[in-house]
Structures are given as structure tokens and as C-alpha cells.
Amino acid sequence: MELYTNVLESIISDIENSTAQVIEKKPVNQTFELWHDPVLYNNLSGNIGAVFVRALLNKLNVNEHHVFRWRLDNKYRQYQILNHYFPGCVAKTIGLSELLAENDGHKKIRELCENGFFVKSTLGHRTGQAGSFDRTAELDDIIKLHQGKGDQEKENQPEQWILQERLDLNEEFRVHTFGNDLIYGLTFIMAGQDSSKSSAAEIFVQKILTTLPATILQGTLIGWDVGITHANEYYIIEANFTGFHPEFYAGFQTSGYFGDTDYGPAICAWLNNYFRNKYQISIDTVEQNFRSTSPFFEEFLYYKSIFNDEYISILQNKTKGICAFAIIYLGTGANPFLAKLIEYFLQEDFAKEYFLITSEETVQAIADQFSGDQLILIIDEHKLFLPEEYPLIRQLSYQERKKICCDKLLTKIEEKYYFIL
């Protein structure tokens with residue numbers, strides 16, 4: 001036990017005596033073009049979303065190796081350090097090597113497994129989604145492999161297996177942060193049904209951020225998996241660190257949400273908006289040949305063109321219990337990207353209600369697309385006007401129709417806190 005205590009003390013001392021990365025806001029707004037830069041693809045262990053993230057971090061001079069100096073890709077190392085700074089924020093975890101080094105270690109391990117603990121690898125990839133995190137059935141083989149290693153090998157390697165207390169979870173969320181900032185608009189429900197608890201999960205992560213040293217946080221993009229039990233207790237399941245992972249799927253990795261098939265382009269555009277707002281650096285264009293390689297880029301550019309800083313403040317107010325109404329003008333038909341964006345906003349609990357204004361010809365199609373969602377209200381634009389007014393409205397350009405229809409709706413619903421898309 002003393003060996004493991006000394007190792008942790010040495011790591012904490014190194015963290016607290018090391019120099020933090022300095023991430024500076026650009027003096028003026030700077031934009032750049034995304035292109036098929038070989039630097040971005042060198043040792044890339046991820047999808048197109050990882051390319052976006054790596055490009056932005058490179059422009060901020062983030063050292064993608066920095067945080068892995070302490071092997072924070074390792075779940076046991078995470079547990080030790082997070083529990084040191086915020087005791088009890090992670091489910092109780094014990095290193096397998098630590099137990100096997102004790103008298104009757106085998107017996108203690110089996111007793112723990114019989115009383116609510118399970119065996120888990122300290123290195124993994126998407127094990128939660130695949131349901132492959134519980135490795136208790138392989139315990140005998142794992143112990144044999146451990147015993148086959150020499151003492152020096154055991155000492156020099158971070159723990160490979162842990163026993164962790166099984167939590168009775170009701171919901172699980174992925175919350176994204178950069179440095180000391182919670183990135184509003186990038187919190188997703190991973191398991192469970194009650195997405196309204198997302199704000200509470202965010203507040204929990206923010207409390208943890210206040211306890212962690214700058215050496216870990218500065219320049220570090222993290223996807224936190226937060227579990228909420230049936231007893232309404234909050235725990236960090238694991239922290240997914242962006243950067244150059246040194247061992248498992250070695251190479252640059254980031255949160256898988258940035259490359260999500262459905263919402264990845266919107267999520268990348270939202271992250272781009274965050275960095276533009278916070279650090280005055282952002283992707284402005286995508287090189288034409290590169291753009292033609294994937295529809296991902298066209299979607300990204302569409303969302304980038306409509307996101308603005310207003311939406312960040314809207315989501316910040318949501319954590320204070322102030323929810324906005326969304327007014328979205330679809331016109332003669334839903335742009336498929338815009339329709340997908342509405343689904344993304346619904347997942348995020350972005351607004352209290354959504355007023356979708358569309359033409360009389362497309363009302364039924366839009367109603368069918370969003371049927372069953374009680375937060376969606378479909379507005380037939382011709383019903384906003386007198387019969388003699390509407391023929392004149394139809395002759396206006398898209399932008400003119402959008403403005404006059406949205407203004408007309410606002411006079412009818414009398415909502416004071418809203419945003420228009």
C-alpha cells in the first residue's frame with residue numbers, strides 16, 4: 001500500500017510544481033482555412049471531428065502531449081487525482097495490483113466482486129456505448145497475466161485493471177469543458193430519459209473544475225461522463241482527455257461527439273463559435289478540394305454561418321432557470337441542415353418551446369417530421385396575416401418574409417425572452 005501512496009504523492013507534487021500551459025486570446029479576431037494539412041493527420045487516432053479539434057488547438061499553440069505527462073488517459077490515475085482534489089466525486093475504485101499485493105488479495109477481490117464491485121480496464125475506447133466495460137468474467141485470466149509480470153514491470157507501469165463500485169445510475173451525461181470553462185451547448189444525455197438534469201450535471205462539473213490545478217486544466221479539452229444515481233448522487237464516470245494518447249489507440253484523440261454522424265458538424269460549428277468568442281480564433285472556410293471529400297464540411301459551414309454569441313448567453317441563462325423560446329423560420333420547406341439543427345437543439349434542451357414558421361404548402365410535411373414532440377409548435381405563415389395581406393407577403397424575398405413573419409408572430413405570443421433562427 002505504501003508504494004501506491006508514494007507514487008500518488010509524487011504525481012501530485014509534480015502536477016503542482018509544473019508550469020501550466022498559457023492559452024492567450026488573440027489581440028484581434030483571427031480566422032483560418034481548414035485544409036488537408038498533413039500535420040493534422042499525422043498520428044491521428046480519430047475521425048473527421050478530431051481533425052477540426054486538432055486544427056483549432058494547434059492555432060492556440062496547445063501542447064497535445066502536456067496533460068498525458070501524468071497518464072491521465074488511465075482511469076485509475078484519473079480516479080486517484082480527481083479523488084485527491086474532490087474527494088468522493090468518483091465511485092470508489094481500487095487498483096488490482098494494490099489488492100493482489102495484500103495478504104489474501106485474491107480472496108478480497110472476490111469478496112468485493114460479490115458485494116457490488118466489478119472489474120474494469122484502465123484503458124478503453126467507447127466501452128460504455130458497447131457495454132463492454134465490465135470484465136469481471138475474465139478475472140481469473142487477468143490475475144494470471146498480472147502474476148506473470150516481473151516486479152519491475154509492475155512498478156513501472158500504471159495500473160491496468162481496477163475494481164470499481166457499481167453505481168445504480170438513472171442518467172448519464174457527457175459534459176464538455178475547456179480550461180476552466182464549461183462549454184454551454186455541448187452537454188448530451190448518454191443514458192436515461194430525463195435530459196432536464198443536464199444543467200445539474202454541468203453545475204457538478206463546474207464545482208470539480210474549481211478544485212483542479214491550472215496545470216491540468218489550461219489548454220485541456222475534456223469530455224466528462226457524469227452519472228446520476230437513483231438517489232440523486234452525482235459521480236464522474238470518467239474524463240475523456242483530448243490530446244495525444246500515448247498507449248491505447250496511440251495518437252491524437254478527442255470526444256467522439258465531434259465526429260458524430262448526425263450532429264458532429266453542428267457540434268464542431270458550436271465549438272468553433274466558442275473559440276471565436278473566447279479566444280478570437282476560428283475556422284472561417286474549408287479548402288474546396290478538401291470540402292468535396294465529405295458532406296460533413298458543407299454541414300459545418302452552414303451551421304457556422306448561423307451560430308453567434310447570442311446563443312452562448314442563452315444557454316448560460318438556462319443554468320439560472322431562464323429558458324428562451326425559439327422562433328425558427330422554415331419558409332417554403334425545411335432545409336435538411338436546419339431540420340437536423342432543430343433536433344440537435346431538442347437534445348440539448350436548448351429552448352422552452354419551438355415555433356416553426358412554414359408556408360401553407362409544407363405545414364403537413366413539417367408536422368409529420370416532428371410529430372409527437374410536444375415542444376414543437378407548427379405555425380402556418382398565411383394564418384399570421386389577413387387574406388388580402390398574404391399575397392403581398394408571398395412576393396417578398398426569403399429574408400424579408402422571415403423578418404415580417406417573425407415580427408408578426410412575436411406580437412401574437414408576447415414572449416419577451418426568445419431567439420430567432
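**View 1. Strands β7 and β8 run antiparallel and are joined by seven bridges.** Strand β7 comprises residues 221-229, and strands are DSSP runs (E, at least two residues), as helices are (H or I, at least four), numbered from the N terminus. Two strands pair if DSSP finds at least two bridges between them. D225 has E238 of β8 as its bridge partner. Four residues separate the two strands of this hairpin, and N232 in the turn has a positive phi of about 65°. Six of the eight residues of β8 (234-241) are buried, that is, under 20% relative accessible area, with exposed meaning over 50% (1.4 Å probe, protein chains only).

The model is predicted: local features need pLDDT of at least 70 and side-chain atom pairs pLDDT 80 or more, while totals for chains, interfaces and linings use all residues. Residues are numbered from 1 along each chain as its sequence is written, and side-chain values use heavy atoms, without hydrogens and water.

**View 2. Helix α19 (residues 398-413) buries R401, K402, C405, C406, L409 and L410.** These residues cover an arc of only 160° around the axis, and therefore lie on the same side of α19; the arc is taken from the directions from the helix axis to the C-beta atoms. K403 and T411, on the other side, are exposed. The buried residues pack against elements including β12 (325-331) and α18 (390-394), contact meaning heavy atoms within 4.5 Å. E414 follows α19 with a positive phi, near 55°.

**View 3. The whole structure contains zero disulfides.** A disulfide is a pair of cysteine sulfur atoms within 2.5 Å. The sulfur of C406 is 6.9 Å from the closest cysteine sulfur, in C405, too far for a bond. C406 is buried, with a relative accessible area of 2%.

Definitions and conventions: The expected span of a helix is 1.5 Å times one less than its number of residues.
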